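Q: I have this model open and want to go through its layout. Start with the strands, please.

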Amino acid sequence: MTLRIPDPVLGPWSKSVPPRLHGLPLSAVPAAGARLSEFGTPLLTVHEAALAHNETTVLDWAHAQGMKVAPHGKTTMAPALWQRLLDAGSWGITVATPWQAGVAIDAGVERVLLAGAVADAAGAARLGAQLAARPGLRLLVWADALDTVAILADALADAVRPVEVLVELGGAHGRTGVRTVAEGEEIARAIAAAPGLRLAGVAGYEGPFGPDRSEASVAAVDAYLRRMGELFEGVLPLIDHAERPILTAGGSAWPDRVAAVLAPYTADAEVILRSGAFQIHDDGFYARMGPFGSVVPTAPLRSAMHAWARVVSRPEADLALLDAGRRDVPFDLDLPVPQGVEGEVTALNDQHAFLRTADGARLAVGDVVRLGLSHPCTAFDKWRVVPVIDDPDAEDPLVIGAVATWF
């Protein structure tokens with residue numbers, strides 16, 4: 001499928017883009033021959049070859065397990081990057097909110113998995129209208145409460161086509177989702193009986209049950225995924241088989257365990273992995289947690305994102321202030337890591353990073369430092385235009401494209 005990719009005209013609003021590109025549509029960037037040194041700092045970039053490597057590695061592996069992949073589009077909210085995932089063989093795109101679903105539908109995504117409950121009657125009604133306007137669209141949402149089913153049923157009672165609903169299983173100390181299989185079966189019966197809705201299967205998110213790669217975390221994740229399988233078996237007789245039933249799990253930390261526990265259900269269901277961070281990967285949390293190249297016998301994933309920040313002050317012998325702060329780089333899981341210079345980022349202000357340098361590190365005001373980042377989901381939301389470069393290790397990388405985000 002070919003998506004409608006936003007093509008905004010660049011201008012002062014596009015942070016760090018050089019004035020000589022102002023007035024050009026985004027699609028003209030590849031032909032402009034710009035170099036990274038022309039761009040201001042701070043800057044977020046993505047690396048073309050790393051993107052391609054990560055996409056191929058994960059999708060080929062998932063398909064070999066018999067699973068489909070609907071990557072979480074909220075990671076980047078960039079239709080141009082969604083297009084790459086679809087071209088590489090993704091089943092669809094996952095989103096987190098009705099608004100994000102609207103962005104995906106407007107872009108032309110044909111299978112949209114809204115990984116969450118819709119408790120907003122107006123939002124549910126809009127989803128019904130979008131289904132009516134797009135005969136080829138398949139749209140799925142989650143429910144973990146009878147109240148949610150009632151809101152959906154009231155909003156969609158007169159829908160031209162039913163909205164597909166997945167029962168969400170959670171667990172103690174987890175996030176959303178019913179806490180027991182019995183509760184899930186009760187909600188499944190309510191969905192199956194509701195006008196305007198169609199019971200489509202079971203969904204869940206295993207991430208909260210495994211904060212690290214310890215044996216205890218693996219056991220907790222596996223136990224949760226087995227409960228998902230139990231719930232799926234319990235509701236399978238209630239599912240309308242107009243489409244193959246769906247069983248979906250998967251953040252980006254535990255795809256190996258999703259495959260180990262849920263892939264055997266592929267005879268009865270589309271087992272869909274929703275990992276979203278793999279396309280970008282990182283130099284922090286997912287580098288530590290991800291299984292590819294370690295637990296899973298593939299090549300390791302590569303971070304496709306970097307930040308670039310300039311030294312604006314050297315007020316102390318071991319301190320450099322960089323011009324990238326909380327407005328520019330993620331900090332929710334890990335602080336940025338300097339690459340190519342010995343030191344540690346110890347704190348961020350709104351517009352500054354505190355880089356404590358090692359003895360002998362040579363940094364002058366005006367020097368640019370490349371930063372490795374942790375957690376792509378909170379990197380892209382700070383940028384409306386992200387340049388694509390050919391090689392982050394080059395002396396002056398060539399800018400070969402750019403993507404626009406819709407946050």
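**Strands and helices**

Q: Which sense do β5 and β6 pair in?
A: Strand β5 (residues 138-143) and strand β6 (residues 163-169) pair in the parallel sense, over four bridges. Pairing takes at least two DSSP bridges; strands are DSSP E runs of at least two residues, and helices are H or I runs of at least four, numbered from the N terminus.

Q: What does Leu-140 stand opposite?
A: Glu-164 in β6.

Q: How far can I trust this?
A: The model is predicted, so local features need pLDDT of at least 70 and side-chain atom pairs 80 or more, while totals for chains, interfaces and linings use all residues. Residues are numbered from 1 along each chain as its sequence is written, and side-chain values use heavy atoms, without hydrogens or water.

Q: What's the strand order in the sheet?
A: The open sheet has eight strands in the order β2-β9-β8-β7-β6-β5-β4-β3, with parallel pairing. β2 (68-69) and β3 (93-95) are the edges; each has a single partner strand, so one side of each lacks a neighbour in the sheet.

Q: Where does α4 lie?
A: Helix α4 (residues 98-107) lies across β3 and β4 (111-117), at about 175 degrees to β4. Axes are fitted to C-alpha atoms, for helices over the stretch in contact, and angles between N-to-C directions run from 0 to 180 degrees.

Q: Changing topic, which residues make the α5 and α6 contact?
A: The axes of α5 (residues 121-133) and α6 (residues 146-155) come within 8 Å and cross at roughly 50 degrees. Ala-121, Ala-124 and Ala-125 of α5 meet Ile-151, Leu-152 and Ala-155 of α6, contact being heavy atoms within 4.5 Å.
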